[in-house]
Amino acid sequence: MPVVAAAPACNRDRMGEWTSTACILCECNCGLEVELGGEDGRHLVRLRGDKAHPASRGYACEKAHRLDHYQHARDRILSPLRRTPAGDYEPIGWEQANAEIAARLTDVRDRFGGASIFYYGGGGQGNHLPGAYATATRRALGSRYRSNALAQEKTGEAWVTGRMIGAYTRGDFEHAQVAMFLGKNPWHSHSFPHARTTLKHLARDPARTMIVVDPRRSETAAMADIHLQVRPGTDAWLLAAMVGRIVQTGAIDRAFVDAHTQGLAAVQAAFGELPVVAYAARAGIDEALLSRTVDVIAAASSFASYEDLGVQMNRHSTLVSYLHRLVWLLTGNFGRPGTHFVPTPLSPLMVLKADDTKRSPVLGERLVGGLVPCNAIAGEILTDHPGRYRAMIVEAANPAHSLAESHRFREAMRHLDVSVVIDVAMTETARQADFVLPAATQFEKAEATFFNFDFPDNVFHLRQRLFPPPAGVRTEAEIHAGLLEAMGALGEADYAPLREAAAQGRLPYAAAFMQHVLATPKAGLAAVIAYRTLGPTLPVGMAEAAVLFGAAFAAAMASPASLARAGFDGPAPVAASALFDAILAAPSGLVFARDTWEETFARLGRSRLELALPDLLDELDTLRAPAADRPAAFPFVLSAGERRSFTANTIVRDPSWRGRADEHALRLGPVDAQALGVASGDSVRLTTAQGSVVVEVAISEMMQPGHISLPNGLGVSYPGTDGVGVAPNELTSAADRDRFVGTPWHKSVPARLERITA
Ligand SMILES: Nc1nc2c(c(=O)[nH]1)N[C@H]1C(S)=C(S)[C@@H](COP(=O)(O)OP(=O)(O)OC[C@H]3O[C@@H](n4cnc5c(=O)[nH]c(N)nc54)[C@H](O)[C@@H]3O)O[C@H]1N2
Ligand SMILES: Nc1nc2c(c(=O)[nH]1)N[C@H]1C(S)=C(S)[C@@H](COP(=O)(O)OP(=O)(O)OC[C@H]3O[C@@H](n4cnc5c(=O)[nH]c(N)nc54)[C@H](O)[C@@H]3O)O[C@H]1N2
Ligand code: SF4
Ligand SMILES: [Mo]
């Protein structure tokens, strides 16, 4: 693959310096201190947790220490690339790339309308500023449809949360007397600050109880007081039985329910006669254990619960999200310490409003938070429907690896009139694109995420650039600015009045921005205009932070009291300016919002929480159908995509990053291994309806009979290796998905195993 060599910009003057950054491998984004070194000062030589980071406070897990494998990947792209008619890639200059891409995209827009231009991605675990800049490109092109990984995990949760609660919630695990993890393994996947410390405290304290619902005896399950080892894919019956028992035994917190909710009668009617014992048995859980679990939750002084991929990427996922919320709302576990809270976002990652009037153009799919279900994207391209997507921009994502049925996604990309991928590495997705644009790594620019879910003190961390990008590589802010200028959508005339104002200070700039941008048809291009005008006035290497001026403004308008408690008060322009400057001046992050539990209810935008969702109460009836036998051809249930000690989606592609030798293997229980006649280290053939691969097995006591598990993010191409492990989505099907929001059933794929005889 032609990756054009260029001398990387040298960083020798910072050699040996310790500075602040953050980990980019999961949504916790733990603050790190890093020592810069190597022959050119561009290596991350040593990394350790940053005690000055207000959320992570020095915590980091094992994955953070070897981030140099990301920074110095051998499949880095160092020049714009264009696919040749022969199918390989040739380097081209930026001006030519911008001109050709602008011409091809505007041509599609002019012929078929902007709605035919699809946008995928916008950020991963460490980088959300690209998505903010991309809004300008999308608006200039009139693009209407987009998606990202949230639409294969969180849209079901978002849809029911929006309708029941009205705002995004998280659990206060640090203070919960009883904590539950439902299809979630925080020992490895984290997702809340200093997860392992919190788990250890929960496990050690006899006055607290940890409940884990997982078919696998995961690391977290092994620490739990109660492990509900469900049959894979049967959580809906378990959760329905829990709600049934709460309703039938009078475990409802009447004071809370009467004061804060509506719809109880409909819930009582639906669950009053539910066969609790039979449903628990269907999930493989005996009645005594179920009763004990519900009694513990009902008696808890506080209860917090986290649902994740084990149920969100599984059968009945949206119904499970609903039943899960009923468990904690019926027992009054909301809006108090140790229960569930509503964080103050700097910029909301997802809008929870369900707008059922807007559907996807070809298949008529429900859009939650404006996102097209990931499982539907290929189907919206591979058709002759006039409304199909004809062009796609993919940014900071690897959907040809991460979405169900990879081969169909690859086919869909080749079906488009034009496709553009913006990435740091020559990924599986980049290999399908017409154009590939090389982005600066997350250490070569100012970068941040909007994963700000702390409470009561909420933290934002703008990471400062550690070194400039190599020649030939650009930041996404620069890439989007270049594309918009090549399209003729923006130019010096748009920037001039703002450049002057920027030189005069934040308040004059804010005033000029309102007048010359927000009050004009170019408002949608605000991010890039800010980058071009405010960006140059920011400290060296911080220009990409310009878009945060708008985010600070929006937060000052939306949550003035929370910002004021963190010291950012006064009229919105004043508070926003102070916050923006404080963000720039806080290399380890800062507390930008301070909340009170009393305020939680006030920000829901509704007077009562809704317990009764009629469509999901109807869906409950489908659980009555008798269990179908497993198809003889596929006797196993495969969970495709487990998080392990050294997996991080496809962010680090170099397999030598991985510490342990069996991180890539398929896990299989001892009983099944014996029946098959295989030992750890042997290879087996793993087959599903979609594909068949050869994979190494590791025998693991974690697995129950009939359940097998593949790690996530493996099987990527990398120079000098044959690809280690298996790409899970070569085995999954886009058709296996939730009926309401289209989320995939990656965690329960029917499969079979065959021993490979020598
Ligand atoms: N190390 C590491 N950490 C990560 C990531 C990473 O790639 N690597 N990715 C981050 C991202 S993007 C996300 S979304 C989160 C995901 O975090 P998690 O959801 O915790 O991750 P998984 O391991 O995919 O799935 C969790 C558990 O679901 C269980 N499970 C499988 N089938 C079922 C079932 O039928 N019922 C139930 N109840 N459980 C089941 C699995 O055994 C597994 O233990 O992790 C984040 N953290
Ligand atoms: N079968 C199965 N499939 C799954 C899952 C599963 O459990 N099972 N998990 C799903 C989940 S929860 C998630 S979140 C998704 C994740 O899948 P994706 O959203 O596709 O994300 P990543 O694999 O993290 O890919 C991130 C991309 O960003 C690139 N990148 C890194 N830094 C930068 C940068 O600074 N700029 C740019 N432009 N690019 C950069 C990386 O090279 C990589 O190509 O996978 C999903 N797919
Ligand atoms: S992988 Fe997650 S928990 Fe581990 S150091 Fe990185 S951000 Fe923190
Ligand atoms: Mo995710």
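Predicted model: local features only at pLDDT ≥ 70, side-chain atom pairs only at ≥ 80, totals over all residues.
**View 1. Ligand 1 and its shell of 31 residues.**
Ser189, Asp214, Gly233, Asp235 and Thr647 come nearest to ligand 1; a residue is near a molecule if one of its heavy atoms lies within 4 Å of it. Look next for the polar contacts, which are pairs of N or O atoms within 3.5 Å (within protein, one must be able to donate a hydrogen and the other to accept it, and residues adjacent in sequence count only if both atoms are side-chain atoms). A backbone N or O atom of Asn185 sits 2.9 Å from an oxygen atom of ligand 1, while a polar backbone atom of Arg644 is 3.0 Å from a nitrogen atom of the ligand. The protein covers 98% of the 920 Å² of accessible area that ligand 1 has on its own, by the Shrake-Rupley method with a 1.4 Å probe (for residues, only the protein chains shown count as cover).

**View 2. Where domain 3 meets domain 4.**
An automatic or database domain assignment sets the bounds: domain 1 (12-71), domain 2 (81-151 + 348-594), domain 3 (170-341) and domain 4 (630-755). The centres of domain 3 and domain 4, taken over C-alpha atoms, are 27 Å apart. Domain 3 brings 21 residues to the contact and domain 4 brings 20, where contact means heavy atoms within 4.5 Å. About 1800 Å² is buried between the two, 55% of it on carbon and sulfur atoms; buried area is the accessible area (1.4 Å probe) that two parts lose on being put together, summed over both. On the domain 3 side, Arg216, Met313 and Arg315 lose the most area to domain 4, together 35% of what that side buries. Each of these two domains also gives at least three residues to the shell around ligand 1.

**View 3. Ligand 2 and its shell of 33 residues.**
Here Asp423, Glu476, Ala640, Arg643 and Thr650 come nearest. Nitrogen atoms of ligand 2 feature in several pairs: one is 2.9 Å from a side-chain N or O atom of Asn729, and one is 3.1 Å from a polar backbone atom of Ile422. The protein covers 96% of the 920 Å² of accessible area that ligand 2 has on its own. Why does ligand 2 lie between domain 2 and domain 4? Both domains give residues to the shell around ligand 2, so it lies between them.

**View 4. A cis peptide bond at Phe455 and Pro456.**
The bond joining these two residues has an omega of about -5 degrees. Pro456 belongs to the loop between strand S19 (435-438) and strand S20 (457-460); helices (H or I, at least four residues) and strands (E, at least two) are DSSP runs, numbered from the N terminus.

**View 5. Arg57 and its positive phi.**
Phi of Arg57 is near 50 degrees. You can find Arg57 in the loop between strand S3 (43-49) and helix H1 (68-71). Most residues other than glycine have a negative phi, and most peptide bonds are trans.

Notes: Residues numbered from 1 in each chain as written. Chains lettered and ligands numbered in written order. Heavy atoms only, no water.
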